Amino acid sequence: MKTLVSSLLGFAFVFGLLGTLSVGRLIPDPTEQTMASVTMVLVSLVAGSLLARREPVKSFLASRPVLWFLFLFNVTAGVLVYLFVGGAQGLMTAIGLGVVGLGAGSGLVLRRRPV
């Protein structure tokens, strides 16, 4: 049963990501594209957060090397996006990457020490 639920969550996550990327080619109307894109983002966000709480993924994401990678990669990518992508899109992307990087950094700093 756990494998089936994990598989369905993984499928929903990938479906949401692929739907977000491909909605522009499938739907011609810009308003409908935006609505479908937001819906697909929400599907992938909910499925991804539920999938991240399951045990194999949860322990992997909590490991120190993964947290260091997420911290360094997202902070660096956020700075580069801010410098090279202009306008509101670059600013919002940089803020999003910075938030993820700071979340990983706080996981490194606030990690409980074994007693």
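Phe73 is partly exposed, with a relative accessible area of 47%. Here, partly exposed lies between buried (under 20% relative accessible area) and exposed (over 50%), using a 1.4 Å probe and protein chains only. This is a predicted model: local features need pLDDT of at least 70, side-chain atom pairs count only at pLDDT 80 or more, and totals for chains, interfaces and linings use all residues. Residues are numbered from 1 along each chain as its sequence is written, and side-chain values use heavy atoms, with hydrogens and water left out.

**Overall fold**

- The chain has five helices and zero strands. Helices (H or I, at least four residues) and strands (E, at least two) are DSSP runs, numbered from the N terminus.
- In sequence order, the pattern is α-α-α-α-α. The radius of gyration is 17 Å, well over the 13 Å that the globule rule gives for 115 residues, so the chain is more spread out than a compact globule. That radius is taken over C-alpha atoms, and the rule is 2.2 Å times the number of residues to the power 0.38.
- The C-alpha trace spans about 60 × 45 × 15 Å along its principal axes.
- Of the 115 residues, 20% count as buried.
- The chain exposes about 8600 Å², and carbon and sulfur atoms supply 75% of that area. Accessible areas come from the Shrake-Rupley method with a 1.4 Å probe; for residues, only the protein chains shown count as cover.
- Among contacts with a separation of 6 or more, 59% join residues 24 or more positions apart. Contact means heavy atoms within 4.5 Å.

**Helix α4**

- Helix α4 covers residues 64–84. Its 21 residues should span 30 Å at 1.5 Å a residue, and its end C-alpha atoms are 30 Å apart, which agrees. The expected span is 1.5 Å times one less than the number of residues.
- Its buried residues are Val66, Leu67, Asn74, Ala77, Gly78 and Val81. Seen down the axis of α4, they fall within an arc of 120°, so they line one face of the helix. The arc is that of the directions from the helix axis to the C-beta atoms.
- The face of α4 turned away from the buried side carries the exposed residues Pro65, Phe69, Leu83 and Phe84.
- Cover for the buried residues of α4 includes α3 (55–61) and α5 (87–109).

**Helix α2**

- α2 has 23 residues and reaches 32 Å from its first C-alpha to its last, close to the 33 Å expected at 1.5 Å a residue.
- Buried in α2 are Ala36, Met40, Ser44, Ala47, Gly48 and Leu51. Their cover includes α1 and α3.
- Ser44 lies in α2 and counts as buried, at 8% relative accessibility. Leaving aside residues up to four places away in sequence, Ser44 touches Phe13, Gly16 and Leu17.
- Leu45 is found in α2 (residues 30–52). Leu45 is exposed, with a relative accessible area of 55%.
- Leu45 and Leu102 are 57 residues apart along the chain, and their C-alpha atoms are separated by 19 Å.
- Ser49 is also found in α2. Ser49 is partly exposed, with a relative accessible area of 32%.
- Ser49 and Gly86 are 37 residues apart in sequence and 30 Å apart in space, C-alpha to C-alpha.

**Aromatic pairs**

- A search of the whole structure finds three aromatic pairs. In one of them, the rings of Phe11 and Phe15 have their centres 6.2 Å apart and their planes at 20°, so the pair is stacked. Rings of Phe, Tyr and Trp (its six-membered ring) pair if their centres lie within 6.5 Å; planes under 30 degrees apart count as stacked, over 60 as edge-to-face and the rest as tilted.
- Phe11 and Phe15 are four residues apart in helix α1 (residues 2–26), and about one helical turn separates them. Phe11 is exposed, with a relative accessible area of 57%. Phe15 is partly exposed, at 45%.
- The rings of Phe69 and Phe73 have their centres 5.5 Å apart and their planes at 20°, so this pair is stacked.
- Phe69 and Phe73 are four residues apart in α4, and about one helical turn separates them. Phe69 is exposed, with a relative accessible area of 52%.
- An α-helix has 3.6 residues a turn, so residues three or four places apart point the same way.
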